[in-house]
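Please look at the structure below and follow the explanation from one part to the next.

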There are 2 protein chains.
Amino acid sequence: MPQPPEPGRRATAAEVARLAGVSPAVVSYVLNGGPRPVAPATAERVREAVRQLDYRPNRAARALRVGSTGMVGLILPSVTNPFFAAFSEAFQAAAHGLGLAVIAASSDAVLDQEWQLVESLPRHGIDGLVVATVMHPTDSPAMPDPGLPTVVVNAPFPVPGLHTLGPDTTQGARLAVEHLLTVHGHRSVALVSGEPGAQRLGSRELGWQQAITAHGAEPGPLVRVPFDRSGGQAAAGQLLALPVRPTAVFASSDAQAFGLLHGLRTAGVRVPEDVAVVGFDGTDDGAYAAPPLTSARQPVTAMAEAAIEALQQQTASGHQLFALDLVVRESCGCPRPDR
Amino acid sequence: MPQPPEPGRRATAAEVARLAGVSPAVVSYVLNGGPRPVAPATAERVREAVRQLDYRPNRAARALRVGSTGMVGLILPSVTNPFFAAFSEAFQAAAHGLGLAVIAASSDAVLDQEWQLVESLPRHGIDGLVVATVMHPTDSPAMPDPGLPTVVVNAPFPVPGLHTLGPDTTQGARLAVEHLLTVHGHRSVALVSGEPGAQRLGSRELGWQQAITAHGAEPGPLVRVPFDRSGGQAAAGQLLALPVRPTAVFASSDAQAFGLLHGLRTAGVRVPEDVAVVGFDGTDDGAYAAPPLTSARQPVTAMAEAAIEALQQQTASGHQLFALDLVVRESCGCPRPDR
DNA sequence: GTGAAAGCGCTAACAT
DNA sequence: ATGTTAGCGCTTTCAC
């Protein structure tokens with residue numbers, strides 16, 4: 001087993017060079033495949049010395065010299081939300097494929113914490129920053145390091161000066177609501193929205209409204225609750241307390257839908273018989289819900305890949321929207337597929 | 001708004017020094033609170049210059065000089081598993097509280113990938129590494145950087161030369177199974193285990209067996225499936241195909257329990273009436289399962305905190321076990337709590 | 001209380 | 001094809 005001469009201390013490139021009988025420059029050339037050619041025999045001697053000393057380049061030194069660290073930052077509201085968990089996995093995979101490490105941090109869905117992270121992560125010398133913001137259109141955006149490639153995901157609206165990218169929430173919401181209207185014949189659908197403080201209609205709300213009007217249906221009640229499961233559970237309570245209960249409801253996130261399903265079930269309301277529900281995110285978790293959740297699915301992998309790509313291209317700004325498709329399961333009233 | 005003279009370029013300590021009319025050394029003294037005292041007036045001038053130039057220290061340079069980066073690595077099987085998601089959150093919070101950033105990576109529950117990460121993460125110059133291993137007792141442990149503080153979580157068995165820490169799985173399993181036996185009077189309980197290739201009994205299996213024998217009950221069937229939801233779903237199929245179906249089953253992880261619940265429900269088997277189930281992890285997700293999942297709960301926060309602590313103390317090796325408690329919900333047959 | 005200066009380990013001109 | 005060398009930006013000992 002390869003061992004550094006002095007245990008506990010890492011070997012340096014200079015030591016490798018000495019052992020291989022070459023200059024430090026050559027060691028660098030070999031390890032980085034350039035910028036100058038090296039004779040095959042020499043290269044092999046170097047590699048052997050590397051093995052012998054168990055040499056690992058010091059990234060800090062490299063970063064200092066070269067100005068880039070090979071690390072990207074990722075700020076998510078909470079990895080406890082199945083959608084963000086999936087995004088995190090997809091992003092890591094994509095980053096990893098490019099040899100990038102990811103520094104991850106949770107904002108807890110609190111804007112202040114998000115700001116603080118946007119401020120602090122870059123101090124670690126990352127090459128780029130991806131943030132799934134919890135910003136509402138009315139909030140002022142956290143300003144990232146100028147000169148640091150930054151992309152905001154989950155942003156249905158463009159932010160000036162930043163590359164933004166996210167699901168086409170309006171289209172996704174429309175898709176979900178239309179399914180309820182057209183294939184299941186509901187005359188009205190309630191909306192569980194995720195923007196407690198909002199004044200105007202958010203983009204999911206817009207899609208909901210578009211579908212409703214396009215099909216000559218009635219808008220159902222609209223409740224605004226947090227984006228997580230407990231929010232959905234609260235929504236169930238509110239909806240059930242209404243004088244006339246909705247027959248169908250669209251939830252703005254799968255997490256909300258799970259809470260909603262739970263609240264409904266606890267109250268003895270049957271889904272989809274008494275009320276149909278459709279979610280938004282299309283997470284795999286939905287397959288295990290009771291009943292399995294029909295949901296508008298975000299193209300997680302494509303979005304994650306687009307995010308790192310945008311980082312690399314240094315594309316100062318831009319706005320990319322991703323279309324959703326509907327994953328049809330049973331909570332909408334569709335029959336269980338045969339097997 | 002503070003702005004560096006040349007946009008796009010970060011100010012350096014030297015520039016701050018010049019603007020403040022001091023030497024770079026003093027800038028360092030002020031920013032790091034030492035090691036030498038600085039006159040209050042001077043310190044204020046420096047801080048003002050920092051503000052004016054929007055100066056942020058270059059971590060890479062600092063790391064190179066000081067030998068530590070303020071970053072720790074975290075390797076988890078998959079953040080898609082609710083337990084690991086919770087652990088990730090707790091760990092981030094703990095690390096953040098100490099001013100540490102965390103580089104996170106997923107091993108996908110594949111040992112080879114775990115090894116690869118154990119190999120690659122340290123190249124980014126982390127100060128410590130925490131890995132939730134997917135290792136079985138028979139596997140040879142991935143050898144982390146010698147000299148890099150490393151703690152293995154989720155390891156019920158000690159690994160020589162490493163600090164390990166994890167749930168007392170035997171106790172937890174015993175707790176869960178005993179509940180089924182004593183409060184619900186089952187005469188036998190099946191076990192859904194998470195070690196497909198295992199030859200001998202794992203530690204959860206040991207706890208299961210202990211509870212069974214301690215109470216003069218019969219061991220039920222034992223099925224070995226992956227630790228995730230699809231594994232649990234597969235287990236449902238296997239259990240249901242048995243000539244005599246179990247009346248109670250203990251699943252080794254909440255994720256498995258969710259899959260199990262789903263499989264059972266799909267097959268028209270009622271929980272807890274036809275079969276009772278108890279999980280292991282005690283995640284919050286369990287509260288939203290149908291029915292709400294009774295589960296042995298790991299003290300996630302305590303474990304996460306212990307993990308960074310162990311990292312810092314450079315405690316070369318040791319082994320810490322954490323006791324679980326039972327979070328009683330409905331899947332075991334207990335009544336829904338009044339509200 | 002403050003300044004000068006020597007590196008930390010690496011890379012990439014530039015020389016040979 | 002290989003060697004010499006000058007820094008990258010920061011911290012800290014040592015002098016003043």
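This is a predicted model: local features need pLDDT of at least 70, side-chain atom pairs count only at pLDDT 80 or more; totals for chains, interfaces and linings use all residues.

**From a helix pair to the whole assembly**

In chain B, helix α9(B) meets helix α10(B): Arg229(B), Ser230(B), Gly231(B), Gly232(B), Gln233(B), Ala235(B), Ala236(B) and Gly237(B) of the former are in contact with Ala255(B), Gln256(B), Ala257(B), Phe258(B), Gly259(B), Leu260(B), His262(B), Gly263(B) and Leu264(B) of the latter. By class, this contact comprises 7 nonpolar, 9 polar and 1 charged residues.

The crossing in which α9(B) passes α10(B) is right-handed.

The axes of α1(B) and α2(B) come within 8 Å and cross at roughly 100°, so α1(B) is roughly perpendicular to α2(B). From α1(B), the residues Ala13(B), Ala14(B), Val16(B) and Ala17(B) take part in the contact, and from α2(B), Pro24(B), Val26(B), Val27(B) and Ser28(B). Of these residues, 7 are nonpolar, 1 is polar and none is charged.

Glu15(A), Val16(A), Leu19(A) and Ala20(A) of α1(A) are in contact with Arg45(A), Val46(A), Ala49(A), Val50(A), Gln52(A) and Leu53(A) of α3(A). The classes in this contact are 7 nonpolar, 1 polar and 2 charged residues.

The next topic is the relation between the two chains. Two copies of a chain are related by a rotation about an axis and a shift along it. For this model, a rotation of 180° with 0.0 Å of shift along its axis places chain A on chain B, with an RMSD of 0.1 Å. This is why the relation is that of a two-fold axis. The same surface serves both copies, since 100% of the contact residues of chain A recur in chain B. Which residue of chain A comes closest to the rotation axis? That residue is Ile103(A), whose C-alpha lies at 2.1 Å.

The interface itself can now be described. In it, 38 residues of chain A are in contact with 39 residues of chain B. On the side of chain A that touches chain B, α4, α5 (82-97), β2 (101-106) and α10 (254-266) each supply at least two residues. The largest share, 6 residues, comes from β2(A). This side of chain A divides into 19 nonpolar, 13 polar and 6 charged residues.

Both chains also lie near the DNA. Around DNA strand C there are 29 residues, of which Ala13(A), Ala25(A), Ala61(A), Ala25(B) and Pro37(B) come nearest. The elements that each supply at least two residues of this surface are α1 (13-20), α2 (24-32) and α4 (59-66) of chain A, and α2 (24-32) and α4 (59-66) of chain B. By class, the surface near DNA strand C has 18 nonpolar, 6 polar and 5 charged residues.

Around DNA strand D there are 30 residues, and Ser23(A), Ala25(A), Pro37(A), Ala13(B) and Ala25(B) come nearest. The largest share of the surface near DNA strand D, 6 residues, comes from α2(B). Its residues divide into 19 nonpolar, 6 polar and 5 charged.

Some details of the backbone remain. Most residues other than glycine have a negative phi, and most peptide bonds are trans. In chain B, a cis peptide bond joins Val271(B) and Pro272(B), with omega about 5°, and Pro272(B) is placed in the loop between α10 and β9 (276-281). Another cis peptide bond joins Ala290(B) and Pro291(B), with omega about -5°; Pro291(B) is in the loop between β9 and β10 (294-297) of chain B. In chain A, Asp54(A) has a positive phi, near 55°, and lies in the loop between α3 and α4.

Note on methods:
Residues are numbered from 1 along each chain as its sequence is written. Chains are lettered from A and ligands numbered from 1 in the order in which they are written. A residue is near a molecule or strand if its C-beta atom, placed from the backbone, lies within 6 Å of it. Helices (H or I, at least four residues) and strands (E, at least two) are DSSP runs, numbered from the N terminus. Ala, Val, Leu, Ile, Met, Phe, Trp, Tyr, Cys and Pro count as nonpolar, Asp, Glu, Lys and Arg as charged, and the others, Gly among them, as polar. Two residues are in contact if their C-beta atoms, placed from the backbone, lie within 7 Å. Copies are superposed by least squares on the C-alpha atoms of residues with pLDDT of at least 70 in both. A crossing is left-handed if the near helix is turned anticlockwise from the far one by less than a right angle, and right-handed if clockwise. Axes are lines fitted to C-alpha atoms, for helices over the stretch in contact, and angles run from 0 to 180 degrees between N-to-C directions. Angles under 35 degrees count as roughly parallel, over 145 as roughly antiparallel, 65 to 115 as roughly perpendicular and the rest as oblique.
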